[in-house]
Amino acid sequence: MRGIITCWAAVIRTKLAEQMAYRSHFALSVLLLIVGDLVAPLVTLLVYRAGASFPGWSLHEALLVQAVFVLAKGVAFPFFFGMVGTTLSQVREGTFDLLLLRPRPVMFMSMLGGFDPEDFGRLLSGAVLFGYALSGIVAPDWQSWLQFSLLFIASITILCSVSLFLSGILFRWVGSSRVFDIFDAVTSFGMYPGTIFSKAMQNILTYVLPIGLIAFVPASALLGKSGWGSLWALASAALLLLLGILFWNRMLRNYTSAGG
Amino acid sequence: MLRRINRKCGVYTLIDVKNLTRTFMIHERGHTLSEVIRTLVHRPMKEVRAVDDISFTIEQGEMVAFLGPNGAGKSTTLKMLSGVLHPTSGEIKSMGLVPWKQRREYVRKIGAVFGQKSQLLWDIPPSDAFYLNKAIYGVPDKEYKETLDELVELLQVGDVMRKPTRQLSLGERMKCEFIMAMLHRPELVFLDEPTIGLDMIAKENIRSFIRSMNQKKVTFILTTHDLDEVELLAERVMVINHGRIVVDDALSGIRSRLGGKKKVKITTEKTVNEGLPPGLLITERMNLLELELEIDTAILPLKTFISQFNETYGIIDMAIEELPIEAIIKQLYTGESSIS
């Protein structure tokens with residue numbers, strides 16, 4: 001465990017040093033990510049200002065779902081999601097070999113290599129939005145906060161699992177940058193309160209593609225709209241993570257390097 | 001012979017490879033528009049045998065070169081030896097471990113330098129990349145400092161350690177790649193074209209470093225197309241072609257396979273005709289009176305050649321040289337029958 005923490009510390013230091021080599025690029029990237037993540041909440045704001053709404057959801061409640069979504073991405077993207085991009089390029093170029101030459105688990109090395117400090121910009125925009133959304137709702141009690149904290153861990157776990165699935169696909173589906181589009185298309189449903197969808201769609205987004213667990217379920221807990229029963233999401237996230245790990249390691253066997 | 005000498009020195013078999021085979025399935029298609037469109041529906045696959053049933057052993061402290069034309073199977077063999085790829089069949093036991101099964105334990109004992117795949121980080125100084133490697137390999141602080149100081153001094157890169165990698169010359173970068181590969185003090189190092197693109201001075205510095213590490217019983221396995229490098233570094237050469245080892249010998253042994261072939265540069269008083277006796281071949285005609293010949297002394301002894309040639313054409317000047325290693329290797333690659 002100490003070795004793993006040392007590795008993370010060294011990687012964070014190194015990646016920050018890399019970013020500081022191009023400070024303006026870093027600052028601009030962070031800014032663009034913040035702006036990009038605030039587009040959907042701004043549209044929501046415009047919708048409510050125009051008199052429309054998501055049925056059963058006030059503006060601040062709807063924004064809370066979107067804030068949780070951006071916050072979850074703000075944690076998961078810097079630490080886990082970068083591995084999708086690095087797998088994409090390293091498998092295509094054959095430089096994934098270099099990770100296999102390191103005396104650490106390959107998946108761990110892949111996550112380390114994909115660590116991206118720029119993505120912390122999402123955390124900042126998520127935090128601002130979260131604060132704004134909280135200011136307009138009844139203050140949650142400690143039980144709601146506890147439920148939310150546990151469900152937020154499940155949310156991060158789901159995003160980590162999704163990263164593993166997308167990254168794993170790239171060992172077989174070499175060089176396909178479309179995995180990012182797939183991610184954006186599928187997870188965009190998670191930015192809205194689940195109850196606005198049909199019952200069938202809600203079931204799909206909860207039990208088949210657990211996108212609803214990324215933001216809707218944790219936000220509902222904070223709003224006191226779900227009981228302790230919603231903690232089944234923890235087991236569901238753990239199972240998905242296990243499947244993601246198995247899938248990634250299975251797909252790694254397809255790696256054939258590149259010509260020498 | 002080489003292995004016998006090594007055994008006397010008390011070293012052991014480091015790598016034992018038996019019947020190693022690796023096949024790949026590759027997509028195959030033609031270049032016409034209809035063939036390209038057809039591949040949208042169905043892509044025919046073809047099995048390629050990159051490495052075909054090879055066996056060999058390597059002793060501790062050896063310096064072995066893998067030679068072969070592009071696509072011969074050298075890099076695939078190297079990747080299996082380093083644990084990056086697993087074989088389709090066959091066995092590898094290296095330092096008592098199976099590389100692809102005990103990968104983490106194994107790679108801790110090996111290093112690798114790829115001339116075309118950098119392990120440094122482009123935008124930040126090499127010292128930062130070394131620090132990252134230290135954390136990944138779990139090298140203790142004291143050992144790290146001692147090793148780094150030693151390597152920096154040996155390779156004379158003290159003044160470039162804090163410059164961004166992108167600002168270093170290719171030679172400086174390669175030296176730093178060697179430091180990356182050696183920081184955890186590996187027993188076995190794989191070098192894949194380590195001096196590609198370097199100037200003569202940088203090449204010599206790197207070669208001298210490799211020799212000094214080899215004297216400390218570090219085993220090196222080298223793949224290269226630079227035959228000078230092979231002559232200067234490798235005690236043993238394995239020539240791989242079409243996935244098979246065609247020759248596994250010391251360089252002197254490979255030379256002797258050509259029998260008594262020599263290169264003769266000669267200037268004569270009269271123009272030399274095309275119709276030459278058996279054992280003689282004109283390889284280049286510089287002008288009417290100057291030419292380069294290849295002579296097989298097993299067929300035409302030197303003494304006879306000089307006497308006959310002098311009598312017929314009158315020798316003004318003559319230089320006899322060993323056939324260059326390039327010529328020998330070329331014949332091995334093309335599988336010419338003149339090599340026994």
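Which domains does the domain assignment of chain B give? The assignment, which is automatic or taken from a database, gives domain 1 (2–255) and domain 2 (259–322).

## Basis of the model

This is a predicted model, in which local features need pLDDT of at least 70, side-chain atom pairs count only at pLDDT 80 or more, and totals for chains, interfaces and linings use all residues. Residues are numbered from 1 along each chain as its sequence is written, while chains are lettered from A and ligands numbered from 1 in the order in which they are written.

## Chain A as a whole

Chain A contains 12 helices and zero strands; helices (H or I, at least four residues) and strands (E, at least two) are DSSP runs, numbered from the N terminus. The radius of gyration of chain A, taken over C-alpha atoms, is 19 Å, close to the 18 Å that the globule rule gives for 260 residues, so chain A is as compact as a globular protein of that length. That rule is 2.2 Å times the number of residues to the power 0.38. Along the principal axes, the C-alpha atoms of chain A fill a box of roughly 60 × 40 × 35 Å.

Of the 260 residues in chain A, 41% are buried. A residue is buried if 20 or more other C-beta atoms lie within 10 Å of its own, exposed if 12 or fewer, and partly exposed in between, with C-beta atoms placed from the backbone. Two residues are in contact if their C-beta atoms, placed in that way, lie within 7 Å. Among contacts in chain A with a separation of 6 or more, 83% are between residues 24 or more positions apart.

## Helix H4 of chain A

Helix H4 (residues 59–93) of chain A has 35 residues, which at 1.5 Å a residue should span 51 Å; its end C-alpha atoms are 47 Å apart, which agrees. The expected span is 1.5 Å times one less than the number of residues. H4(A) is largely enclosed by the rest of the structure, because 29 of its 35 residues are buried.

At Phe77(A), H4(A) bends by about 65 degrees, and a proline, Pro78(A), follows within four residues. The bend is the angle between axes fitted to the seven residues ending at a residue and the seven starting there. After H4(A) comes Gly94(A), whose phi is positive, near 85 degrees.

## Chain B as a whole

Chain B has 12 helices and 13 strands. The centres of domain 1 of chain B and domain 2 of chain B, taken over C-alpha atoms, are 42 Å apart. Buried residues account for 34% of the 340 residues in chain B.

Asn19(B), with phi of about 45 degrees, lies in strand S1 (residues 13–27) of chain B and is exposed, with 12 other C-beta atoms within 10 Å. Glu193(B), with phi near 45 degrees, lies in the loop between strand S6 (188–192) and helix H8 (200–215) of chain B; Glu193(B) is partly exposed, with 19 other C-beta atoms within 10 Å.

## Where the chains touch

The contact takes 20 residues from chain A and 27 residues from chain B. On the side of chain B, helix H3 (74–81), helix H4 (103–107) and helix H5 (126–137) each give two or more residues. H5(B) gives the most, with six residues.

The residues on this side of chain B comprise 13 nonpolar, five polar and nine charged. Ala, Val, Leu, Ile, Met, Phe, Trp, Tyr, Cys and Pro count as nonpolar, Asp, Glu, Lys and Arg as charged, and the others, Gly among them, as polar.
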